[in-house]
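Here is a short report on selected residues and charge pairs. The model comes first.

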Amino acid sequence: MPHSRRILTYAIAAAAAATAGFALPPAAAAAPRTTTSDFNGDGYADLAVGVPDGTVADQAKAGYVNVVWGGPKGVGGHGSIRVTQATPEVPGTPEAGDRFGASVALTDLNGDGIAELLAGVPGEDVTDRGTDAGMVIAVGGSKNGPGPASTVLTGPSPSAAYGTSVVAADLTGGGNKAIVIGGTDKVVARVIQGEDSMVTTVVAAPMGGRAPVLATGDFDSDGTADLAVAYWTAGAPDTRSHVRLWKWDADRSEMANFWNTDNAGVTALAAGDFDGDGHDDLALGECREIADENIDDPCGPEELAKGGGVHVHYASATGGPFGSRAQTLNQDTAGVPGAAEVGDRFGAALAVADVDRDGRDDLIAGAPGEAIGSRTGAGAAWLLRGGARGLLDAGGAATSVAWNQDTSGVPGVAESGDTFGAAIAAGDHDAGDVPDVAVGSPGENSSLGAVWLFPEGQANGSAAFSPRTLGLPYLSTAHKYGKPLSSHTRP
């Protein structure tokens, strides 16, 4: 069947915990080149830019997603498409405050080589469920543009805000990807089992009104993806903070918690094999101790949390417990350019890619609050190289480079409030076998926003694109284009 006629048969659940028909189209024959974020099937990784503050059909903050095409010039040089709730076959209608695109994921759900777009709509009002119940929509990819779309799941009650965060991975080992959705004080997963699907609650707990942070990776080294969840709250009803790992329990048909670190509040999570031992590690971005109990230093030495720190838990290559070895770094770490200052927000955005192709993943970290000279909140990003011991060598030093809009070879000028580094993504957008890095700057040009492409992780040859350069409508409004971002070539 041609890709342009593929049909996603995600059925709308009658209630958040109900099961319903949830089949995926059969996988096509393997293509010569596939990426996990190729939305139009041309062999190049594409980039999804969520624009939840965008105006659609005169509705403020109805939101849209801009899928920017990859190609020989990378993203930004080959055009894009805009997907909204006014797009044919996409469920719903653009309404003020829907915030379509508040979370995005480009992921190949069924292994046919063409990605689907998952878009969170946490402000969606749902009939019989109430205001801001929220939803997640799946849009089929196709060589002729967006394919058919359908609702993955809607929130069960007012202010449930389903779709504040979303990820997808093969959590069961069955070949199909489960879709994990974050909402108000809750994380749920829609899981495929053969021709059936089910919705299961992963965790329900106070989360401080923030979106739970989600990531996936094989943290227990059993060959199947696991789920990382981070959330925290302060004083409502009490102060608590957790980073937890969950795996699929086939006997109980539910997610089972198998590892925790407490008192750590984080803004971003990322999985990668930073020491090249064949096992996934977990990076905690902008990690800070919430409970202030000074019991276990959940983010490493307290001084390394100044201005935001990155704390990495490493998997054991010898079969020991996950996270028994850890490293912490910030801008005061040797080999990391800059100086740690309160408000930098170092690690507030993370992405993973093996940019130098040495078999060890590298970590890209954003600091949207970084001051460049006297320009507060201009923002910056760092490429932190993986090595034999991870992100730090035996002497505790990192190998890294930093980028901002005043870096030689990077277009633009660093200005106060640009928030460069508020979002990061990586993908092989030019099919050159070396990942490229995309950095979002939602505060650029009075919050119109823009994204920078660093081809193969290099400042030389970098380029910027924005709603204006891509010919998107409503150029006078504050789109805050550039956050969130999704593009990934790591399975």
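Predicted model: local features only at pLDDT ≥ 70, side-chain atom pairs only at ≥ 80, totals over all residues.

Lys 247 is partly exposed, at 26% relative accessibility. Buried means under 20% relative accessible area, exposed over 50%, and partly exposed in between (1.4 Å probe, protein chains only). Residues are numbered from 1 along each chain as its sequence is written, and side-chain values use heavy atoms, with hydrogens and water left out.

Asp 220 is partly exposed too, with a relative accessible area of 25%. The side chains of Lys 247 and Asp 220 form a salt bridge, 2.7 Å from N to O. A salt bridge is a side-chain nitrogen of Lys or Arg within 4 Å of a carboxyl oxygen of Asp or Glu. This pair links distant parts of the chain, 27 residues apart: Lys 247 sits in strand 16, Asp 220 in the loop between strand 14 (213-217) and strand 15. Helices (H or I, at least four residues) and strands (E, at least two) are DSSP runs, numbered from the N terminus.

## A salt-bridge network

The structure holds nine salt bridges. Asp 53, Arg 99 and Lys 480 are linked in a network of them. Asp 53 pairs with Arg 99, the closest N and O atoms being 3.5 Å apart. These two are 46 residues apart, with Arg 99 in the loop between strand 5 (80-83) and strand 6 (104-107).

Asp 53 also bridges to Lys 480, at 3.8 Å between the closest N and O atoms. Asp 53 is in the loop between strand 3 and strand 4, and Lys 480 in the loop between strand 31 (463-465) and strand 32 (485-486), so the pair ties together parts 427 residues apart in sequence. Asp 53 is buried at 12% relative accessibility. Arg 99 is partly exposed at 31%, and Lys 480 is partly exposed at 42%.

## Two buried strand residues

Ser 441 lies in strand 29 (residues 436-441). Its relative accessible area is 0%, so Ser 441 is buried. Beyond four places in sequence, its contacts (heavy atoms within 4.5 Å) include Gln 405, Trp 452 and Tyr 481.

Leu 453 belongs to strand 30 (residues 450-454). Leu 453 is buried, at 5% relative accessibility. Among its contacts beyond four places in sequence are Lys 73, His 429 and Val 437.
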